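Subject: Structure handover

Hello,

Here is the structure you are taking over. Please open it next to this message and follow the notes below in order.

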Amino acid sequence: MSELKGIYALWYREIKVFSRERSRIISSIVNPILWLLVIGGGLGSAVSFKGIFQEIDYQSFIYPGILVQTALFSSVFFGVYIVWDKKIDFMKEVLVSPLRRTSLFIGKVLGGSTDTLIQIVILICIGFVFISIGIMPKLTLNIISILISLIFLFVTTTALVSIGLIIGSQMESPEGFQLISSFLIFPLFFLSGALFPISNLPPWLSPFIFINPITYAVDGIRGAMIGISQFSLAFDFFVISMFAFIMILLGTYAFKKMKI
Amino acid sequence: MISTNNLTKKFENLIAVNNLNLNINEGEIFGLLGPNGAGKTTTILMLTTLKLPTSGTATINGYDIVKDSDKVRKSIGIVFQDPSSDEILTGYENLKLHGWLYDMPDKLREDRIKEVLELVDLTARKDDLVKKYSGGMRRRLELARGLMHHPKVLFLDEPTLGLDPQSRDYIWSYIEKLAKEEKITIVLTTHYMDEADKLCDRLAIIDYGKIIVLGTPEELKKELGGDIIKLKANNLNIESLKRLNYIKNIAVSDGEVCLTVEDANKHVQDILSIVGKVKSTEIRSPTLDDVFIHYTGRGMRESSPEGGWAEKAMHARIKK
């Protein structure tokens, strides 16, 4: 009971802070829209999927990838706030309370995941607007596809927030955090098939794609939203669940070892 | 209430706290004094379970800080040296968060928030974001928060560092008030001597991680053995002063001599006639500043083989 209340306290703090920092929400929404319109529209005019699959426009194709991209950036960067917590003594205030370190980690993961999912929900609403004005004609947004996507994104997000928190718990400065996390985020994004189909890859590239857990998140959501996927929904979900499980375990360990 | 047993903390190449043995009684205000880097904060961090001792241990409220750290954490409150409240939350929200972290029942939490806000005069500002608070208000909020869950022991790490004189006076009166009203044991670190003199029932001066001297402020001042006479002159006949047995201590620093003298009023005439022509004299009773300089001595630091301790500590921290 006491641990649950503590977890709730930490979650409450993240949500309050998130809702008060409007610039965080706005900047996190503007980027994906730029990607969709500029990369999606510009590159889309030159990209044709003829011979791979029929009649899919490029913007509909990358929309699931952009959702995952948003989750990826926002979740991992969430870890930087723990570096700030350490810089001011807020982290000590929490560590000196009777709350267990595991609960601290879980509270942080839930807080970060909620932040990210709020951004995702806004992007899904924008998706509806784009569909209604004729952009992304092949995208299917209905209760089932949205529900599946949200479940996928929640699981993926808990894994990614954990990664951010693991890095954050080991770093002393926000600059160091940015450096390390950029090294991680960009390969995870570009090697996920978010921007291109993964069915006809050059042989040297495919191993990198298939060992990247983010690939399976994109694949599952793409399957739900436009009906194109490389693996079965169950397999995709299994991979990202394992990914989340391992990252949460590692994160719990990192928090137990965290020094102040 | 608190007792340490050979408490020691070593970092790579320095000993921050060296076999510290200390007993602090229930209900007293105890001061830990020392120069920067003397080991005060490290001691507090160990007692509050945030750092593990290298060897030795301590008990707080009967619980061991290593084996029963959960129970220790429930028994203590702490106000850290640096701000530790979330500035994007309101004062009230920070306190509510604290109540949740300490698993306080809802009704008790709300009652207690009201009480402590009143104690530190922040009731009117409770719904403002903490970033709109002044430094002094923020410290008061953190003081209120440290008290909220009825700790047996409250640790204050440099409670007035960087505050203006008015805010310091405020904080002091709150600390005195709560020591009286809440009857809790308070351990504070400071390097302001006037603060220690005003607040502490007993204090320990530590340096290089060891206790140099311990006692009530009055005892320590008395132990210096007399009053202070300060003389300013160009050429002083110091050698002849050394022969006077009522002079306990002579400290010379460029053109100034500080004498510790038994019954200064009686002997000042003799002293003046011996030393020759002086520019000015000053007689006063000793303050804790004198005690502090007597025991930690500015000269001692420079001549010590371990000199540059503070720089070493900084260096170790950067490397880590």
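In this predicted model, four strands of chain B form an open sheet in the order β2-β1-β4-β5, with antiparallel pairing. β2 and β5 (63-64) stand at the edges with a single partner strand each, so one side of each is left without a neighbour in the sheet. Inside the sheet, β1 (residues 2-11) and β4 (residues 55-60) of chain B are joined antiparallel by five bridges. To find this pair on the screen, look for B:Ile2, which stands opposite B:Ile60 in β4(B).

B:Asn19 lies in β2 (residues 14-24) of chain B. This residue is not a glycine, yet its phi is positive, about 45°. B:Asn19 has 15 other C-beta atoms within 10 Å and is partly exposed.

Now the chain as a whole. Chain B contains 13 helices and 14 strands. Its C-alpha trace spans about 75 × 45 × 35 Å along the principal axes. Of the 320 residues in chain B, 38% are buried. If you take the contacts in chain B between residues at least 6 apart in sequence, 70% of them join residues at least 24 apart.

Next, look at strand β7 of chain B, residues 153-157. How many of its five residues are buried? Five of the five are, so the strand is largely enclosed by the rest of the structure. In a regular strand, side chains alternate between the two faces of the sheet. In β7(B), the residues B:Val153, B:Phe155 and B:Asp157 point one way, while B:Leu154 and B:Leu156 point the other way, and all are buried.

β7(B) has parallel partners. Strand β6 (residues 76-79) of chain B runs parallel to β7(B) and is joined to it by four bridges. B:Val79 stands opposite B:Leu156 of β7(B). Strand β8 (residues 185-190) of chain B also pairs with β7(B) in the parallel sense, over five bridges. In that pair, B:Asp157 stands opposite B:Thr189 in β8(B). To get from β7(B) to β8(B), the chain crosses through helix α6 (residues 165-181) of chain B, and this β-α-β crossover is right-handed.

Helix α6(B) is worth a separate look. Its 17 residues reach 24 Å from the first C-alpha to the last, close to the 24 Å expected at 1.5 Å a residue. Which of its residues are buried? They are B:Arg168, B:Ile171, B:Ile175 and B:Leu178. Seen down the helix axis, these buried residues fall within an arc of 100°, so they line one face of α6(B). An α-helix has 3.6 residues a turn, so residues three or four places apart point the same way. The buried residues of α6(B) pack against α4 (106-119), α5 (135-148), β8 and α7 (193-199) of chain B. The face turned away from the buried side carries exposed residues, including B:Gln166, B:Ser173, B:Lys177 and B:Glu181. Just after α6(B), B:Lys183 takes a positive phi of about 50°.

B:Tyr208, a residue other than glycine, has a phi near 50°. B:Tyr208 lies in the loop between β9 (202-207) and β10 (210-215) of chain B. Is this residue buried or exposed? With 20 C-beta neighbours inside 10 Å, B:Tyr208 counts as buried.

Then the interface. 22 residues of chain A are in contact with 19 residues of chain B. On the chain A side, the elements that give two or more residues are α1 (2-20) and α5 (90-95) of chain A. The largest share, nine residues, comes from α1(A). By class, the side of chain A that touches chain B has eleven nonpolar, three polar and eight charged residues.

Last, a helix in chain A. α11 (residues 233-257) of chain A has 25 residues and reaches 36 Å from its first C-alpha to its last, close to the 36 Å expected at 1.5 Å a residue. Its buried residues include A:Ile240, A:Phe243, A:Met247 and A:Phe255. The buried residues of α11(A) pack against α6 (101-132), α7 (143-170) and α10 (213-226) of chain A.

Regards

Note on methods
Residues are numbered from 1 along each chain as its sequence is written. Chains are lettered from A and ligands numbered from 1 in the order in which they are written. This is a predicted model: local features need pLDDT of at least 70, side-chain atom pairs count only at pLDDT 80 or more; totals for chains, interfaces and linings use all residues. A residue is buried if 20 or more other C-beta atoms lie within 10 Å of its own, exposed if 12 or fewer, and partly exposed in between; C-beta atoms are placed from the backbone. Two residues are in contact if their C-beta atoms, placed from the backbone, lie within 7 Å. Two strands pair if DSSP finds at least two bridges between them. A crossover is right-handed if, with the strands pointing away from the viewer, the path from the first strand over the helix to the second runs clockwise. The expected span of a helix is 1.5 Å times one less than its number of residues. The arc is that of the directions from the helix axis to the C-beta atoms. Ala, Val, Leu, Ile, Met, Phe, Trp, Tyr, Cys and Pro count as nonpolar, Asp, Glu, Lys and Arg as charged, and the others, Gly among them, as polar.
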